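These are my notebook entries on one protein chain. I set down what I looked up, entry by entry.

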Amino acid sequence: MMTDKRQPQRWLMVTGFFGMTAVAMGAFAAHGLKALLDSSHLALIHTGAQYQLWHALALGLSAYWSQGASRALRVACWSFALGTLLFSGSLYLLALTDWPLGLVTPLGGCLLLVGWAALMVHGYSAARQA
């Protein structure tokens with residue numbers, strides 16, 4: 001199977017974007033929105049930014065390890081990226097607009113879990129091959 005050698009670098013760009021916007025959202029909520037939103041809405045942004053930052057790191061590590069282009073690592077990268085967009089993005093929208101997106105947040109959370117499971121599968125496969 002041919003793999004794109006630039007794929008890890010592309011995932012690292014997404015990682016940088018997620019990390020940067022997580023910090024920006026956290027700072028914006030703490031300083032710019034503190035007077036405008038109640039504590040429950042600020043907590044939603046805090047949760048979204050926290051999950052986004054942690055999963056940006058997980059995505060970055062997965063991208064770094066994906067040099068070997070394991071299928072499990074590709075699944076992890078996609079799951080972390082899409083899960084972060086859905087989970088954190090839906091929390092930001094809910095906090096800022098009061099627009100609930102129904103099952104989008106739990107779907108994003110499930111994708112984040114799939115990403116972690118894919119990392120476990122990769123680790124198990126790598127250990128068996130070693």
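Leaving aside its neighbours within four places in sequence, with which residues is T84 in contact?

**Entry 1: basis.** I note that the model is predicted, that local features need pLDDT of at least 70, that side-chain atom pairs count only at pLDDT 80 or more, and that totals for chains, interfaces and linings use all residues. Residues are numbered from 1 along each chain as its sequence is written, and side-chain values use heavy atoms, with hydrogens and water left out.

**Entry 2: T84.** I looked up the contacts of T84, where contact means heavy atoms within 4.5 Å. Beyond the neighbours within four places in sequence, T84 is in contact with F18, Q52, H55, S79, G89 and L112. T84 belongs to helix α3, residues 71–97; helices are DSSP runs of H or I with at least four residues, and strands are runs of E with at least two, numbered from the N terminus. I found that the side chain of T84 reaches the backbone oxygen of F80 at 2.7 Å.

**Entry 3: burial.** Is T84 buried or exposed? T84 counts as buried because its relative accessibility is 3%. Buried means under 20% relative accessible area, exposed over 50%, and partly exposed in between, with a 1.4 Å probe and protein chains only. Of the 130 residues of the protein chain, 38% count as buried.

**Entry 4: the fold.** I recorded four helices and zero strands in the protein chain. The C-alpha trace spans about 55 × 25 × 20 Å along its principal axes. Among contacts between residues at least 6 apart in sequence, 72% join residues at least 24 apart.

**Entry 5: the cores.** A nonpolar core is a set of buried Ala, Val, Leu, Ile, Met, Phe, Trp, Tyr and Cys residues joined through side-chain atoms within 4.5 Å. The largest has 16 residues, and those with the most contacts inside it include W11, F18, L59 and A81. Helices α1 (7–32), α2, α3 and α4 (104–129) each supply at least two residues of this core, and α3 gives the most, with seven residues. Not counting residues up to four places away in sequence, A81 touches W11, F18 and L59. Apart from this core lies another, of nine residues, among them M25, L42, A49 and A95.

**Entry 6: W65.** I placed W65 in helix α2, residues 39–65. W65 counts as partly exposed because its relative accessible area is 45%.

Terms used:
Polar contact = N/O pair within 3.5 Å; in protein donor to acceptor, adjacent residues only side chain to side chain.
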